[in-house]
Amino acid sequence: MEGAVIGQSVPRLDSPAKAIGKADFTADLRFQGMLQAKILGSKHAHARISHIDTTLAERLPGVQAVITAKDAPAVRYGVYLKDEVLLAREKVCYLEEPVAAVAAVDEDCASEALALIRVEYEPLPAVFDPLEAMQPDAALIHQDSSSYKAVFPSVRYGNVCMYTRIEHGNVEEGLAAADLIVEDTFCTQPVHQCYLEPHAVVALFDASGKLTVWSSTQQVFVSQATLAEVLQIPMTKVRVINTYLGGGFGGKLNPWLEGIAALLARKSARPVKLVFNRLEEFMATQPRAPFIIELKTGVKRDGRIVVRVAKIIGDAGAYADHALGETAQAAVRVQGPYKIPHMRAEGFCVYTNKVNFGCYRGYGVPQAVFAAESQMDIIAERLGLDPLAFRAINLAEDGDLLPSGERLRCVSIKETMQTAAERADWMEKRVNKVAGRGIGIGNAYTNTGMLASSVFLRSNEDGTFQIFSGVVDIGTGANTILCQIAAEELGVPLEDVSIVSGDTDMAPYDLGSIATRVTYDTGNAVRLAAMDVKRQLFEIAAKRLEANIEDLEIGHRHIYVKGSPDKGVTVAEICQHGLYVEGGPIVGRGKFLGVPSFKTQPGEGYPLDPYPSFIFGTHIAEVEVDKDTGQVKVLRIVAVHDLGRAINPLAAMAQIEGGIGQGLGYVLTERMIFNEEGRVLNPTLLDYKVPTALDMPQMEVVILEYPDELAPFGAKGIGELPQICAPAAVANAVADAIGVRIRELPLTAEKILEALRQDSV
């Protein structure tokens, strides 16, 4: 009976190991003869490297290997645009860009060796503002960028590493038809993912020349392919293993520490461990890209939106990386879950001499939704409409088109918004306002389903089953959910299913744990593999029971004839039959490709593929603002999400509550502050203000279930959306409380006081 396992709140399978400290993370690994590595970063944000002398470092007792760019193949790599190198070659483009690395007997010795490396630089003019970097006379960060290979029809010039233009309808007609045109510019800040576990890697070459890398990566197969590319060795000579992972949130997608550790391991002929400390995490990893978002929106007097023109400027930092994809994604998602018949969006991703920016839980959507939902409130006020009523006029429905040509399906934004409004008592609190308090709404949607997942599912002699998957459980409970899907499909208890995951030598290909895709894509692959195994089990059982396959069912670890529970055979017996009579275990295969059935014509220079399905949600926040200090206290958040189907409600609730916490940091306190040299001035968890448990508001989480027929048991996932909705809702609530709109994140006390001061002048 469906629902015996899925839909049940069960603890994560890895909870006991983590709770008692027996879960080994990459930094916990130990190997005989293992060396410790450290990286020497650039002391300039933009400079030519005229000379590197490693002689003294190599002579230091305890040092086993010193590498520079001359030890690495001259290969550029990158997810969309191949512009990055493992170690700076000829020039550096951001402060702390890796220039050299050392492997020594311990970390102190490696650090001492770094101090002995002499690097001579010829400083170059640097540019840190994307608007300045777009100017024709700006310092050029990549002189030969036109020669870089791209994996999409790339449009680039100067310091712009991607230009995209997407459009539907007729913008000029829309502007002419509008009764009111509202223009705003919004700015978002760079923020760090602040995962608990820092980047960590251990690299080892065996006697055959095969490289094994234990890595805190979210994508083992992407890491495998990238390492093969940058090291110029066959993929079959690279194995990537993920141990336990202490969070990633998009910050651990691309391997680069892995390549440096591998070069040191090859040169020293010993295992090498490289683990970042928190300072290095802030200075040299890939935080969320800051955006400048210009919106021009036209509406009719009755509240219908007729046109939007959007310009998104994304700061890539020194290398394009995922900021390029984020900028393009934002250009589409800035439409919001609304009908807009005429829309044009341009995206500019721009090189600057800051650390290269990556992605962080939402892939460009949190930035876009903050801007779009803020402007929805601004327009509603100009029209004299309630913000919720204005949104209701424009809500998207099944079949509506996005400017990328994607067609929305399984649209449930009307239901999430109505439910949130009822739970939050929206109308009562809008009408009977309390001084200093405000209420705000954030509607959003994001995509699910992307590229390939495949799994094997094997029977064991005792009637249990084991999944082999390339996906990585980054702390979301993904492995538990996948086991629930398999157990439900097989008709066996959850404890009869286990999983081996995150090892390129042990599992078939999976894109990895990114973009809210695991439940949808890998879950589909698991379910198909389980269906394959179940079919084989029934084929054997049918012969044993002299019954037709369609007359069989499974339950209580038995396969029996329907209506005759005494006429059956145990699952274990069938598994043993496969093993001993038919020459091997029963093995099922499942593969799924998350692409839609429709075609798109996304326009010029657009790098992303269309998505097959979308997830919708609404948050309503209540805040209290102290107008004397500017301090914001978030009192309550009602979070309503349509998951399609909650495979594990307990895990889903945890995802939503965690996303709310990260959203609060994004909207109120978190920002990486760069000085005029490109240095991060607050690179510690003391100075970088992440919300704590004391900052969390009362949370009411509501899960709606509108199953998607293409998803496993209807489940679409939940990963990114909670962090996307929360900042918009809080920003609108703050504006409602103080009567002034702040268009730049984060909404610090200083900004609120300044806004109030200017408003009173």
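Predicted model: local features only at pLDDT ≥ 70, side-chain atom pairs only at ≥ 80, totals over all residues.

Q: How far apart are the closest N and O atoms of Arg636 and Glu622?

A: The general idea is to look for a Lys or Arg side-chain nitrogen within 4 Å of an Asp or Glu carboxyl oxygen. Here the closest N and O atoms are 3.5 Å apart, and Arg636 and Glu622 form a salt bridge. Arg636 belongs to strand E25 (residues 632–642) and Glu622 to strand E24, so the pair ties together parts that are 14 residues apart in sequence.

Q: Which residues are joined with Arg636 and Glu622 into one network?

A: Follow the shared partners: salt bridges link Arg423, Lys429, Glu622, Arg636 and Glu700 into one network.

Q: How many salt bridges does the structure hold, and can you show me others?

A: There are 45 in the structure. One of them joins Asp510 and Arg517, with the closest N and O atoms 2.9 Å apart; both of these residues are buried. Another is formed by the side chains of Lys751 and Glu744, at 4.0 Å from N to O.

Q: Now for sheets. What is the strand order in the open sheet of three strands?

A: With a sheet, read off the order and then the pairing sense. This one runs E20-E21-E22, and its pairing is antiparallel. Strand E20 (552–555) and strand E22 (564–570) are at the edges with a single partner strand each, so one side of each has no neighbour in the sheet. From one strand to the next, the twist averages 35 degrees.

Q: How many bridges do E20 and E21 pair over, and what packs on the sheet?

A: E20 and strand E21 (residues 558–561) pair over four bridges in the antiparallel sense, and Gly555 sits opposite His558 in E21. Helix H15 (residues 518–545) packs on the sheet and touches E20, E21 and E22, its direction making about 115 degrees with that of E20. Helix H16 (residues 571–580) also packs there, touching E20, E21 and E22, at about 40 degrees to the direction of E22.

Q: What is the pairing in the open sheet of four strands?

A: It's mixed, and the order is E19-E18-E17-E23. Strand E19 (497–501) and E23 are the edge strands, each pairing on one side only. The twist averages 20 degrees from one strand to the next. For a parallel pair, take strand E18 (residues 465–469) and E19, which pair over five bridges; the bridge partner of Ser469 in E19 is Ser501.

Q: Which helices lie across strands of that sheet?

A: Helix H14 (residues 478–490) lies across strand E17 (451–459), E18 and E19, at about 135 degrees to E19. H15 turns up again, lying across E17, E18 and E23 at about 150 degrees to E23.

Q: Let's finish with loops. Is Thr188 buried or exposed?

A: Check the relative accessible area first: Thr188 has 7%, so it is buried. Thr188 lies in the loop between strand E8 (180–187) and strand E9 (200–205). Beyond its neighbours within four places in sequence, Thr188 has contacts that include Phe291, Phe370 and Tyr666.

Terms used
Residues numbered from 1 in each chain as written. Heavy atoms only, no water. Pairing = 2+ DSSP bridges. Helix = DSSP H or I, 4+ residues; strand = E, 2+ residues; numbered from the N terminus. Axes fitted to C-alpha atoms, helices over the stretch in contact; angles between N-to-C directions. Contact = heavy atoms within 4.5 Å. Buried < 20%, exposed > 50% of the residue type's maximum accessible area, 1.4 Å probe, protein only.
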